[in-house]
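Me: Please take one part of this model and go through it slowly, joining each detail to the next.

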Amino acid sequence: MRAFASAAVLLAVFTGSLALAQSDGRRSGYQDMGPALQKMQDDDTANPAMLFVQAGATAWSEKAGAAGKSCADCHGDPAVSMKGVAARYPAFSREAGRPVDLEGRINLCRTNHQQAPALASESDGLLALSAYVALQSRGQPIAPPNDVQLAVLRAQGAEIYKRRQGQLNLSCANCHDDNPAKKLAGATIPQGHPTGYPIYRLEWQALGSLKRRLRNCVVGMRAEAWPYDATEYLALESYLMERARGMAMDAPALRP
Amino acid sequence: MANVLVNAPKTAKKGQVVEIKALIMHVMETGFRPGTNGRIIPRNIIEDFTATWNGREIFRMKMSPAIAANPFVSFSAIATESGTIAFRWGGDEGFVAEHQVAITVT
């Protein structure tokens, strides 16, 4: 029985990593980690991001705001209603008349439907909810919407991605397109596919969004980071998701 | 209620060595870092972690400021009798968290 169970776990892990492998040479950051960290991410009781997921699950069914509604009151079981949702953002919100990422979508729900104050960027509350929602897309292929209203944003993102900036005069592409799998100060340069956000980064000792990761890179090339509400992030996120189209989600991921 | 994730087997054979893993959400603030206002953020860490099996202590660990946030502890024990494994974390600012899991030993 025990042997069978561990065989089943092994099989699940094996098929999981198969799903992450791309025939076109694209690699998730997961594949660039050592086996110890991969094991830590795969074990839901060892991956610290799951602590935030647990908090997110509680928040999901907690009533909030003047409307007295919880996420569950409208969306029900997230395993059904939120499956594949995180794999589709950023998306254009007709409700707001602008593109939003997953965190932005959660805050739209809070302000419009729950009539509660928006959660601050990188706050534990927002990260917990987005981790809980992102978890429901685990293994789902990244599928950004084919929305013409996102085309301009994506093009802007592609431009920023290729544009040299900062005192080091580097572009995102200089590392992530031209030199992936090589080393930068001892760390392996990943291809930069946003498959696992929000991620628990060991260096941060905390969960962080893709925005925080992008800021990290921008500061690293000694450019000035945009404020958290800047559209530059949405543009880059949209471009990166398009670039990673079809890759399997492994959120909430663990990264060094 | 503290946010805890424990991984222990639900069943074990008598005399078997079982691995027990416990993860808890905690900032583990060192007490050495200045905050945005330039003042030192007061130390806030977990000081003690203990595990008991049916009330008998099987593992104890003293934690220090050098331990990262959200500490993850893994240890092993010999399964002797069915019952509960209880975990307790205690630390600065009156922090106490408790969790228990049941185990059947055959």
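Reply: Strand β7 of chain B pairs with strand β8 (residues 96-105) of chain B in the antiparallel sense, over eight bridges; strands are DSSP runs of E of at least two residues, helices runs of H or I of at least four, both numbered from the N terminus, and two strands pair if DSSP finds at least two bridges between them. The model is a predicted one, in which local features need pLDDT of at least 70 and side-chain atom pairs count only at pLDDT 80 or more, while totals for chains, interfaces and linings use all residues. Residues are numbered from 1 along each chain as its sequence is written, and chains are lettered from A and ligands numbered from 1 in the order in which they are written.

Within this pairing, B:Thr84 stands opposite B:Ala102 in β8(B). The two strands, β7(B) and β8(B), form a hairpin with four residues between them, and in that turn B:Glu93 has a positive phi of about 55°. Strand β7(B), which covers residues 83-91, is also joined to strand β4 (residues 46-53) of chain B by seven bridges, and these strands too run antiparallel. There B:Ile46 is placed opposite B:Gly91 in β7(B).

Just after α6(A), A:Gln115 takes a positive phi of about 50°.
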